[in-house]
Every structure is written in structure tokens, then in C-alpha cells.
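This report covers helix packing and pockets. The sequence and the structure come first.

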Amino acid sequence: MRAPLRWVLWDVKDTLLKVRASVGEQYCKEAERLGLSLSHKEVDAAFRQAYRHYSSRYPNYGITQGLDGQSWWMGVVRGTFSRCRVQDPALLNTLAHNLYHNFSNAENWEVFPDSKKALESCSSLGLKLGVVSNFDSRLEAILRVCGLLSHFSFLITSEEAGVAKPNTAIFYQALQKCGVPAANVAHIGDHYVNDYLTSWSVGIHGFLLDRKNEHNQHDVPKEHRLSSLVELPSRLQQHMD
């Protein structure tokens, strides 16, 4: 007999919401405010290099190396602009501080049109909701200003957990908070490895959200794929009967 669902866990970035404009645009806007004129394209490329460097050298915000989310992101911002020939340490620090705090504001995030309805529908089915996200400690504030926080019973960020998806430990922490076996839990996310494969590896019912029809993995059956969150409530209901 199949175990009925009790909880739904959610990824956040690119599942429930996304960055409103490109990083290049947002970084350039702040740079202009401080008297700098840089190209979006150059800043985007520099950001990708700085982000890759920090992610490789200091994985999961450098938690195990004495960093935290804020110092990690400020390092990425400084690395981005220094690659664009900005050398003044005081200016780099101001840019880094301002941009870190800017990304806690609602205007920098766009909630997908189907997100709130999907969360409401899950709650109306009697399901409890939690978050499992590779994100820093700003997530609670971001979900609050975007009007989504009240839907969730708990949030687990990789900064708080000390581990990031695809490490299964972050899902085991979530299962402890749920207080039910993995078979009573579903997880929704847009990343094939971090969200889909990792959740299934611990026994959670994983669903892969593929808004742009970009995932072509053959080991994801169509009943585990979602092209939008509109499809989710009926899929979950099948696991509740």
C-alpha cells in the first residue's frame, strides 16, 4: 500500500521565483549610481568568472572555511568589478555591500505567475510545505517581501544547513523537520541532479520542473516532469488517495 503524501518540499530560485534582470544589468545599475560606466555584457562575463572561482574555491558560501553568505557574495562582487578594471578598494567594498543588500529587495526578484496558486492549492489539499534551497541567509527576507513566506512551515538553506544539494544530508535535515518518512514527502525543483535525483535517492517523491523544456534526460518519466506548477496539485493528489 502506497504511503500518502503529507509534506511538499520546495526549491526556490528558478522554481518559485527568479532574478528579475540579468546580473550584468543589476550590477551596472549600482555601478552607475556610484559614477561608473560599464557594459552589461562585460560585467555578466566577469560575474560568471568570479562566481565560478568562488564556487570552486569556497563551496557552499565557504562555510567550512570561515566565510558566510555575506562575505562570500561580497567577494564575488569585488571579484566581478576588479575583472572590469575597478581597483579602488573602498569603491569595491561599497559596491559589494550595496549589491548584497539590494538582492534582499522584492524589486530584484520576479515570482513566477503560477507559484502562489500552486502553494495555495497544496495547502488546501492539507499538505504542509517546507523549503530546501541552496541559498544564503537572505532567503527568509526575500520570501517575505515576495509574499511567499507564510506558506512554509520551515526553511532550510544550504548556508544554515552547512551542506548543499546534491549532498543528501540537507534532505535528511528536512525529513527530521517533517517528522514523517521520506515516502510521505514530495520535492519540487528545477535542477535534474540537485532536486530530482537527490530527492529520489533518499526516498522522496521528486518532481522535475522544466519550464523551458530543456531537460532531455531519459530516466525522468513523464509523470515526474512538470512544464508548469499548474500541473502539480493534480499530480500530488494521485499520491494522496
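The model is a predicted one.

On the helix 2 side, the contact is made by Val 43, Ala 46, Phe 47, Ala 50, Tyr 51, Tyr 54 and Ser 55. These meet Trp 72, Trp 73, Gly 75, Val 76, Gly 79 and Thr 80 of helix 3. The contact of helix 2 with helix 3 comprises 9 nonpolar and 4 polar residues, with no charged ones.

## Helix 1 against helix 2

Helix 1 packs on helix 2 at an angle of about 110°, and the two axes are 8 Å apart. An angle of 65 to 115 degrees counts as roughly perpendicular, so helix 1 is roughly perpendicular to helix 2. This crossing of helix 1 and helix 2 is right-handed.

Helix 1 contributes Val 23, Gly 24, Glu 25, Tyr 27 and Cys 28 to the contact, and helix 2 contributes His 40, Val 43, Asp 44 and Phe 47. By class, the residues of this contact are 5 nonpolar, 2 polar and 2 charged.

## The largest pocket

The volume of the largest pocket is about 1,400 Å³. Its lining is made up of 43 residues, and those closest to the pocket centre are Lys 13, Asp 14, Val 19, Tyr 51 and Asn 134. Two or more lining residues come from each of strand 2 (17–19), helix 1 (23–33), helix 2 (40–57), helix 3 (69–82), helix 4 (89–102) and helix 9 (192–201).

Among these elements, helix 2 gives the most to the lining, with 5 residues. Tyr 51, one of the residues closest to the centre of the largest pocket, also belongs to the helix 2 side of the contact with helix 3. The lining of the largest pocket holds 19 nonpolar, 9 polar and 15 charged residues.

## The second largest pocket

Of its 13 lining residues, Gln 26, Lys 29, Asn 102, Glu 107 and Asn 108 lie nearest the centre. Helix 1 and helix 4 are the elements that give two or more residues to this lining.

Helix 1 supplies the largest share of the lining of the second largest pocket, 5 residues. The class counts for this lining are 3 nonpolar, 4 polar and 6 charged.

Technical notes. Residues numbered from 1 in each chain as written. Predicted model: local features only at pLDDT ≥ 70, side-chain atom pairs only at ≥ 80, totals over all residues. Heavy atoms only, no water. 1 Å grid on protein atoms, 1.4 Å probe; cavity = no way out; pocket = protein on both sides within 12 Å on 5 of 7 lines; lining within 4 Å. Points joined across faces, edges and corners; volume = space filled by probe spheres on them. Helix = DSSP H or I, 4+ residues; strand = E, 2+ residues; numbered from the N terminus. Nonpolar A, V, L, I, M, F, W, Y, C, P; charged D, E, K, R; others polar. Axes fitted to C-alpha atoms, helices over the stretch in contact; angles between N-to-C directions. Parallel < 35°, antiparallel > 145°, perpendicular 65-115°, else oblique. Left-handed = near helix turned anticlockwise from the far one by under 90°. Contact = heavy atoms within 4.5 Å.
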